[in-house]
Amino acid sequence: MTFGGDSIHLDDKGNFLARFDLVNYQVFANKTVGKQTVGHFHEDKGHHQFLINESSIIWKSQFFQTPRSICSESCLPGYRKVPPEGRQKCCYYCAPCAEGEVSNQTDMETCLACPKDLWSNGRRDFCVPRPIEFLSYGDMLGSALIIINLTFCLVTIIVLWIFIKNKDSPIVKANNQNLSFLLLLSLIFSFLCPLLFIGRPSQISCLLRQVAFGIIFSLAVSSVLAKTVTVVLAFKAIKPGRTLRQWMKRYLSTSLLVIGSSGEVLICVFWLFYSPPVLDFNTEIEIGKIIIQCNEGSTIAFYLAIGYIGFLAILSFIVAFLARKLPDTFNEAQYITFSMLVFCSVWISFIPAYLSTKGKYMVAVEVFAILSSSAGLLGCIFIPKCYIILMRPELNTKSNISAIRRHCTG
């Protein structure tokens, strides 16, 4: 018990329980000082009680409102409080929240990170949905690639129609018309293949697009390889009438097609079984955006599929290069050599370009590589023949071809 009659209480540890009076000192005009109790603070068994009567407080005449207990303005939403070093704790400055973070209350000490599918707005006080980006049909780049691919597809269909209409002509027969028809069909599908790459990706399109591209291109390049070997056999290798020549003429091109395409099919099956492509919502490529793309799964399988097609192309190039000095009028080997040179150049330059781009531009690079290499095969192998069929029919005669072959094999 104190002299004032108040009792003293101790807690379980022997400590005094806090009990304070809040006193308002008042300085009067005659320089005297008075005081008045305007509140209390009590601690009782772990509970704190703070009572204050603001109407009892008398401020000096220069104060028109309750004085502030801080030396800085309040931080608005979108900002956070940052205490400067070496100054009072009641002082701070306001720092804007970083991108992807928000503060939605006044005087927040930390900013809150937005969820992965959201991003901070311009004022950093609210999270908004991230814009979604992919190579769409409505995009100028996507529309241009689609128009170009469909145009080349139409040209290829016209070339196929010309070859079918003139299938009995010497120039079509001389260069293995079945292989020519198969290669043209492969090119038609290769020009249609980018339709799987452009537009909003889905799990099905992610699974189909690389597999379809690999198998179609392996079939096209295998056809070129078979045509190259057929040209060499037609002008050089074995004298007419031998059994081996007849067997090779009948079965070698088919065998090359089956073997060349089967290798790519096995790679694609391994790819789909081991680590298939999956749909990916990437938030790391571009700030504040969601990039919808296809994660290729196994990078090794992806480059193995492209590398196998490159191997077939290099093999075709070597065979065609060795046969480049055959008679020039109908010498398909020279055209195949140049087409394979274009093909290999496109895909060699594709790899660094593909690795250096991100998002929708990565897809555009691959579509452009498919377009360029397919157009190279079409332009180098078939356009010269169409020129002879349509513009120089006097060269498209059996006697002309026979004379050339006799000159070569005789």
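## Phe-382 and its contacts

Contact here means heavy atoms within 4.5 Å. On that basis, in this predicted model, Phe-382 touches Val-159, Phe-163, Ser-180, Leu-183, Leu-184, Leu-187 and Leu-377, leaving aside residues up to four places away in sequence.

## The nonpolar core

Let's step back to the core around such residues. The largest nonpolar core has 58 residues, and Phe-382 is among those with the most contacts inside it, along with Phe-163, Phe-213, Phe-343 and Trp-347. At least two residues of this core come from each of H1, H2 (170-174), H3 (177-192), H4 (203-235), H5 (243-274), H6 (299-322), H7 (332-355) and H8 (360-391). The most is given by H8, with 15 residues.

## Helix H3 against helix H8

The axes of H3 and H8 lie 10 Å apart, and the two helices pack at an angle of about 155°. Angles over 145 degrees count as roughly antiparallel, so H3 is roughly antiparallel to H8. The crossing of H3 past H8 is left-handed.

On the H3 side, the contact is made by Ser-180, Leu-183, Leu-184, Leu-187, Ser-190 and Phe-191. H8 brings Ile-370, Leu-371, Ser-374, Ala-375, Leu-377, Leu-378, Ile-381 and Phe-382 to this contact.

## Helix H1

Finally, a look at H1. This helix covers residues 140-165, 26 residues in total. From first C-alpha to last, H1 reaches 37 Å, close to the 38 Å expected at 1.5 Å a residue.

Which residues of H1 are buried? They are Gly-142, Leu-145, Ile-146, Asn-149, Cys-153, Thr-156, Val-159, Leu-160, Ile-162 and Phe-163. Two of these, Val-159 and Phe-163, are touched by Phe-382.

Conventions. Residues numbered from 1 in each chain as written. Predicted model: local features only at pLDDT ≥ 70, side-chain atom pairs only at ≥ 80, totals over all residues. Heavy atoms only, no water. Helix = DSSP H or I, 4+ residues; strand = E, 2+ residues; numbered from the N terminus. Expected span 1.5 Å × (residues − 1). Buried < 20%, exposed > 50% of the residue type's maximum accessible area, 1.4 Å probe, protein only. Core = buried A, V, L, I, M, F, W, Y, C linked by side-chain atoms within 4.5 Å. Axes fitted to C-alpha atoms, helices over the stretch in contact; angles between N-to-C directions. Parallel < 35°, antiparallel > 145°, perpendicular 65-115°, else oblique. Left-handed = near helix turned anticlockwise from the far one by under 90°.
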